[in-house]
Amino acid sequence: GILVAVDPVDKISAANDSKVQNDISGAGRASEAYATVHSGFYPATLAELVTAGELKRAPTAPSGYNAYAVTMIPNPCTGGTTCTDIIISGQLKAKRYTSVNTPFWRYESSTGKSCAVLTAATACP
């Protein structure tokens with residue numbers, strides 16, 4: 001028979017990475033909805049998306065992962081009135097990402113893209 005090696009830790013990481021991707025992509029969509037209502041200006045925090053009713057609750061990273069990072073542009077800015085862009089990023093841990101040096105998932109409002117990148121500061125290709 002064929003013996004397939006299954007790495008249980010990597011399976012858990014892959015499931016957690018899916019949560020990270022869904023959370024950040026969802027927060028990105030909520031940010032776009034927020035900007036539509038606020039004359040094209042973005043929130044300064046994920047909590048503002050909850051207050052505005054765009055999200056039921058602010059997403060949180062899986063246990064053992066770094067907290068999601070929100071970068072406002074310009075920084076500082078006031079949500080809904082001066083934030084012209086938002087970047088949301090989170091850590092990835094599954095081997096499919098770490099083995100190819102893309103250990104972060106990132107959403108950027110300037111391009112509307114979500115992607116896997118080397119650092120939280122790396123722009124989507």
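Tutor: Happy to! Let's begin with the charge count: Lys and Arg count as positive, Asp and Glu as negative, while His and the chain ends are left out. Keep in mind that this is a predicted model.

Student: How many positive and negative side chains does the protein chain have, and how far apart do the centres of the two sets lie?

Tutor: There are 10 positive and 9 negative side chains in the protein chain, and 7 Å separates the centres of the two sets.

Student: Which pattern does the protein chain follow along the sequence?

Tutor: Reading along the sequence gives α-α-β-β-α-β-β, made up of three helices and four strands. The C-alpha atoms fill a box of roughly 60 × 30 × 20 Å along the principal axes.

Student: What share of the residues is buried?

Tutor: Buried means under 20% relative accessible area. By that cut-off, 38% of the 125 residues in the protein chain are buried. The accessible surface comes to about 7,000 Å², with 59% of it belonging to carbon and sulfur atoms.

Student: Now for one residue. Where does Pro43 lie, and is Pro43 buried or exposed?

Tutor: Look in the loop between helix 1 (8–37) and helix 2 (46–51). Pro43 counts as buried because its relative accessible area is 0%.

Student: Which residues is Pro43 in contact with, beyond its neighbours within four places in sequence?

Tutor: Among them are Ser31, Tyr34, Leu49, Met72, Cys83 and Ile86. Take Met72: Pro43 and Met72 are 29 residues apart in sequence, yet 8.0 Å apart in space, C-alpha to C-alpha.

Notes
Residues are numbered from 1 along each chain as its sequence is written. This is a predicted model: local features need pLDDT of at least 70, side-chain atom pairs count only at pLDDT 80 or more; totals for chains, interfaces and linings use all residues. Side-chain values use heavy atoms; hydrogens and water are left out. Helices (H or I, at least four residues) and strands (E, at least two) are DSSP runs, numbered from the N terminus. Buried means under 20% relative accessible area, exposed over 50%, partly exposed in between (1.4 Å probe, protein chains only). Accessible areas come from the Shrake-Rupley method with a 1.4 Å probe; for residues, only the protein chains shown count as cover. The place of a charge is taken as NZ of Lys, CZ of Arg, CG of Asp or CD of Glu. Contact means heavy atoms within 4.5 Å.
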